[in-house]
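Subject: Structure for you to look at

Hello,

Please find the structure below.

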Amino acid sequence: MDVVRQAWRYVTAVAPLVAIALACLSGALWSSSPAAAAACQVAAFILCRLSWRWWVAIPIISVAIATRAELLEKPVRESLSQPGSRFVQGSMIVGRPAGPFSDDRFGWFRDGESEVKVMIPRALEYRTGEILEVRGKFFVPSGERNPGNFSQLDQWRREGVFGGLVIREAESRGLRWQWGAFRLAERFRERLREGITRGLPDDSKGKEVILAMMLGEKPPRDSEVSRAFRESGAMHVFAVSGLHVTLVGTLCWLVLMGLPVPRRIGVVLVILSMVSYAMVTGARPSAVRATVMAICFLSETWRSPDPT
């Protein structure tokens, strides 16, 4: 018992947010697996600190997450469960690309009073944050017929997409200034893509590797580079992750160390460099997560009077 008590004290002292993470997981799993949700809830109470604030916060967090999941995910599930298509007309705000260098874009379509998130195929001609009056075909594809195949419906369900929207006619109504940072990131990404591969032929293997490792643009699945990395088990190096964000922040910090820049200004510049890189590479979850953690750490460096 002494060993268990010491381990519990160590966990609550070193990692107090584990209980909060388990409470969030409990709320997310409530609709799909109540047993697993209950187990996570019990584990959260076991690993939380002995305080009434924690005992009240854990169920509140679980209920809030479960309510949010039910309110947001249930309409999406209902929409995707009815394959078919229909012609629609309304206003839409064009979102960011579905992935780095993807031809598809997210969008928010408003038809009357309701607004739904849609996927816009082949939308390179539109800009992020552009307001459009559109006429087109809203569609929901049928499910996969062969077990184990890629499921477009499952991916859309995870992303909160109600369906696809093929635009037949569109008239621009301007741009939303709130999306200006994303438009700037997209333009900078194209310039960076051209700059780091200048002088290399389009079919060069080196160009594919450089784009994949720096910007996360994976080569085609049937290419020789992709096949070689996949067979060697090293395909993960093409995914933009916390390692890439950390390297960008470290390089920026090393450059600033040789310049007469105050520490606090240097911290701000390092944070800006990591945020910019995360946005340029498509704001992937792994890069965003690493950037948020780095901001938390560097914010403490900003506040602390001890530079170490």
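**A buried residue, and how to read the rest**

E186 counts as buried, because its relative accessibility is 15% (buried means under 20% relative accessible area, exposed over 50%, and partly exposed in between, with a 1.4 Å probe and protein chains only). This is a predicted model, in which local features need pLDDT of at least 70 and side-chain atom pairs count only at pLDDT 80 or more, while totals for chains, interfaces and linings use all residues. Residues are numbered from 1 along each chain as its sequence is written, and side-chain values use heavy atoms, with hydrogens and water left out.

E186 lies in helix α6. Helices (H or I, at least four residues) and strands (E, at least two) are DSSP runs, numbered from the N terminus. Leaving aside residues up to four places away in sequence, E186 touches R96, P97, R105 and T128; contact here means heavy atoms within 4.5 Å.

Strands of a sheet pair through backbone hydrogen bonds, either parallel or antiparallel. In this model, five strands form a closed barrel in the order β1-β2-β3-β5-β4, with mixed pairing. From one strand to the next, the twist averages 45°. Two strands are said to pair if DSSP finds at least two bridges between them.

Here are some of the pairs:

- β1 and β2 pair in the antiparallel sense over five bridges. The bridge partner of V94 in β2 is G107.
- β2 and strand β3 (residues 114-120) run antiparallel and are joined by seven bridges. R110 stands opposite E115 in β3.
- Strand β4 (residues 130-140) and strand β5 (residues 163-175) are antiparallel, with nine bridges. E130 stands opposite L175 in β5.

Helix α6 (residues 180-196) packs on the sheet, where it touches β1 (84-97), β2 (105-111) and β5. The direction of α6 makes about 75° with that of β1. Such angles run from 0 to 180 degrees between N-to-C directions, and axes are lines fitted to C-alpha atoms, for helices over the stretch in contact.

**Two residues with positive phi**

Most residues other than glycine have a negative phi, and most peptide bonds are trans. Which residue in the hairpin of β2 and β3 takes a positive phi? G112 does, with a value near 85°, and the hairpin has two residues between the strands. R122 also has a positive phi, near 50°, and is a residue other than glycine. R122 is found in the loop between β3 and β4. R122 is exposed, because its relative accessible area is 61%.

**Helix packing**

Two packed helices are described by the angle between their axes and the distance between the axes. Two pairs can be described in this way.

Helix α3 (residues 34-47) packs with helix α4 (residues 52-80) at an angle of about 155°, and their axes are 10 Å apart. α3 is therefore roughly antiparallel to α4 (angles under 35 degrees count as roughly parallel, over 145 as roughly antiparallel, 65 to 115 as roughly perpendicular and the rest as oblique). The crossing of α3 and α4 is right-handed. A crossing is left-handed if the near helix is turned anticlockwise from the far one by less than a right angle, and right-handed if clockwise. Q41, A44 and F45 in α3 meet W55, I58, P59 and S62 in α4. By class, this contact has five nonpolar, two polar and no charged residues (Ala, Val, Leu, Ile, Met, Phe, Trp, Tyr, Cys and Pro count as nonpolar, Asp, Glu, Lys and Arg as charged, and the others, Gly among them, as polar).

The axes of α4 and helix α5 (residues 152-159) come within 9 Å and cross at roughly 155°. α4 is therefore roughly antiparallel to α5. This crossing, too, is right-handed. V76, R77 and L80 in α4 meet L153, W156 and R157 in α5. The contact of α4 with α5 has four nonpolar, no polar and two charged residues.

**Two threonines**

T301 sits in helix α11 (residues 285-303). T301 counts as buried, because its relative accessibility is 16%. Not counting residues up to four places away in sequence, T301 touches R263 and V267. T301 and V267 are 34 residues apart in sequence and 7.8 Å apart in space, C-alpha to C-alpha.

T67 is in helix α4. T67 counts as partly exposed, because its relative accessibility is 39%. The C-alpha atoms of T67 and V261 are separated by 47 Å, and the two residues are 194 residues apart along the chain.

Regards
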